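Grab a pencil and have a go at these exercises. Each one comes with a solution worked out step by step.

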Amino acid sequence: MIKVKINGQEQSWDGDPDLPLLWFLRDEAGLTGTKFGCGQALCGACTVIVDKEAVRSCITSINDVAGREVTTIEGLHPSGDHPVQKAWRQVNVPQCGFCQAGQIMQAAALLMDNPKPSHDQIREAMSGNICRCGCYQRIENAVHLASTGV
Amino acid sequence: MNFIDNPGKLRGFEKNIKVEKVSRRSILKGLGITGGFVLAAPVMTRQAFAYETGAGNMPHGVVVDPRVFVAVAPDGTVTILAHRSEMGTGVRTSLPLIVAEEMEADWSKVKVEQAHGDEAKFGNQDTDGSRSTRHYLMPMRQIGASARIMLEQAAAKRWNVPATEVKAVNHEVVHSSSGRKLGFGELAADAAKESVPAVEGLKLKDRRDFRYLGKGQVSIVDLHDITTGKARYGADVRLPGMKYAVIARPPVTGGKLTSFDPDAALKVPGVEKVLKVQGWPWPSKFQPLGGVAVIARNTGAAIKGRDALKLVWDDGANGKYDSIAYRKELEEAARKPGLVVRQEGDADAALKTAAKVVTGEYYLPHLAHASMEPPVAVADVKGDKAEIWAPVQSPGGTREDVAKTLGIPEANVTVNVTLLGGGFGRKSKCDFALEAALLSKELGVPVKVQWTREDDLHHDFLHTVSVERIEAGLDKDGKVIAWRHRSVAPTIASTFAAGANHAASFELGMGLVDMPFEIANISCENPEAAAFTRIGWFRSVSNIPRAFAVQSMVGEIANATGRDQKETLLALIGSPRIVKPNVKDLWNYGEPYDSYPIDTARLRKVVELVAEKGEWGRQVPKGHGLGIAVHRSFVSYIATIVEVAVDEKGKLTVPRVDTAIDCGTYVNPERIASQIEGAAIMGLSLAKYGAVTFKDGKVEQKNFDDFQVIRMDESPAVTNVHIVPPGPDTPPSGVGEPGVPPFAPALMNAIFAATGKRIRALPIGKQLEA
């Protein structure tokens, strides 16, 4: 039995220990805010925070996070008012919105690590997250806004 | 109206494909037999004549009835239905906003609900062709105005005053002389009893009184849900007892399963069943490709199970498709005369006598849509009833196809439209929903079919591959006197009709025969090209290769004559005029030519606007260059200036992009800006990396490592969007797609300015590194 804390709640799994965390979250735990985009850690749509680090849940097994704390978009802030989320809304970032949970989690992890990133640091840190609609200009501006206070 | 002569009764992009071969839409409807329509309300209007657009010619036309689209609750909440699909353009907000504007509803008290697929009730729902705002600005205004008048009439009766003395203002009706007011909620029950006013003579708001339209102050309705993970896409639908499926499909389009061994797959923990999926013969339209499905308790187990399948395929006739060989075939075809599709003067003769001939042969490979959400659908089929939840651009078409595929009446099929995690044309094709329906029928439980990224790249309805060859004849003064453009590419029609090997008229009309330059001798030709995979429409469709060729050629002519790119472009566009190409059945994006002619004054204006705002001719650092391009598509006019920087190693960056767009009367300039910003990135993606290639009939790319798209670190540093203010009577035109076509040629012209290298084949790849 694998135990993992997700958004503060203890969850357990006694199935395949190699099951990617992504599919545990989405299909077993019903936390569908985390998205599937590539399955190979190439697009970042599935980004969650494990302890304090952004990870790609599509290549992280449920076993890899045993005993650790996982935060998904649903658990980032109780009312959805994390500075990154607020900045996102202020800048009207999303188009289709599908990649945005991953983008927001990546940005939140970046700001935990580096509260005042430069534009170059933002562009570098966010480059693992693909947005096919092409919202990058606004994502960059939103991360910058979140870092300076919303 | 004689519908037999009106191919517009066929759905969207298919409508100019040979009617007799298209079984997708009922031919009965094509003949104008409307007995199958269920009218939602007896007085409902479904007319085309009132519109300056082609909306009425779309399948199921337009419905203008506030009782279909608007509900007012006693607490004052106004619910407005969005009947088009949201894939990132903002349409789910924009269309209801138009209704709210006209009915004087307070947007903060409006709830938007997504309509299910039912075109008899809602009118056409195909969300493609950059048509939603263009076709529905006026109908949505009429719906809002009708609702407002019904509320006003109810108030006037309550107060026993003439209706002319009352006025709806911001969610209440006021009687100014007495100072009485009633909220929309208080009037809801009475207003519902009022008759719906006739569409003719409806008094619309003066646009000077607009609170929302054209302002850009309203955010999309899903913004909060998107940022908190609550927004529901196709993949997010979960039903009790639902099973998860992934499918192994024939690696070659049109291939068939020879044999399979499920044993290893069935041993994977969580895998419950392995079964065959029915496939349709090539060309398969939107029907499933067939294959083997792995059914599991979660998607991860299904994918692992599929990896363990042992499969033997018969690749069939398309197994020989090879992109390197095919490119040579296209090039050879482009060097010989082909079917003449536009002719003015005598281009062949003029080219022979020209002082100089500038020739450009351009190659653009297949592209995949690669929306961030791969295709996915949930189906629950019970007996002769089916319910679908899916991210589809064409809910009405999906409903028809599900009914046909399952052999049940359309009335028994409910298609729930989720948010789309990107669409770009891929999700107009509902094969993934049909797969889910077939599996749910067989298993008797709800099934979710999830495509992986590899599935998405391997089984897309790809953007075509093309060679565009242009020869421009110049006289001794450098004036262009002859223009011969041969465009050769497999056609979208090949997906619907075996052996289709010439472009359909809608494809010809996307940048080939509608070329706007003022040249005495013009010849446009379309040599044959066979298709060996599913060809579909990708954001802006044939405009991508045509704008690339035409606007690159402008740069080549500028270079050959030693003139400025922008001045060369304006000289070619010529005098402000309405262009009347000598073309039989000019498509014009399905719009009446009177309302939406090719107007070179508007084309010139976006060039001049982008040149002014984008500071054309400014000094740029060494290694930088500026390029310009303009293109009319989806009846909008767009010009782009790209500044590029190429370093000594050939590494390319884009410090600045400026785009000017004239899309006529618009609803939300903030979303126009976001579409154009995104189009620049999609344009840069296709220019720098975009290529899907085939070897032995199979797509070679697998995922985002070998089908690369632009990431943030290489995206343009800034894209500035400049919107032309509309004239009072300028009808609305497309926004979602037109931003894409001019980007790549502007970039090529910029690269030439920076490096002296002319890139004629996409993607750029390593060409600058040589």
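**Exercise 1: two helices**

α2(A) passes α5(A) in a right-handed crossing (left-handed if the near helix is turned anticlockwise from the far one by less than a right angle, right-handed if clockwise). Helices here are DSSP runs of H or I with at least four residues, strands are runs of E with at least two, and both are numbered from the N terminus. This is a predicted model, where local features need pLDDT of at least 70, side-chain atom pairs count only at pLDDT 80 or more, and totals for chains, interfaces and linings use all residues. Residues are numbered from 1 along each chain as its sequence is written, while chains are lettered from A and ligands numbered from 1 in the order in which they are written.

Task: Describe how α2(A) and α5(A) cross and which residues meet.

Solution: 
- Step 1. Two packed helices are described by the angle between their axes and the distance between the axes.
- Step 2. The axes of α2(A) and α5(A) cross at roughly 130° and come within 8 Å. Axes are lines fitted to C-alpha atoms, for helices over the stretch in contact, and angles run from 0 to 180 degrees between N-to-C directions.
- Step 3. That angle makes α2(A) oblique to α5(A) (under 35 degrees is roughly parallel, over 145 roughly antiparallel, 65 to 115 roughly perpendicular, the rest oblique).
- Step 4. From α2(A), A:P83, A:V84, A:A87, A:W88 and A:Q90 meet A:A142, A:L145 and A:A146 of α5(A). Residues are in contact if their C-beta atoms, placed from the backbone, lie within 7 Å.
- Step 5. Sort that contact by class and you get 7 nonpolar, 1 polar and no charged residues. Ala, Val, Leu, Ile, Met, Phe, Trp, Tyr, Cys and Pro count as nonpolar, Asp, Glu, Lys and Arg as charged, and the others, Gly among them, as polar.

**Exercise 2: two chains**

Task: How many residues does each chain put into the contact?

Solution: 
- Step 1. Chain A gives 48 residues and chain B gives 49 residues.
- Step 2. On the chain A side, α5(A) has the largest share, 4 residues.

How values were computed
Two residues are in contact if their C-beta atoms, placed from the backbone, lie within 7 Å.
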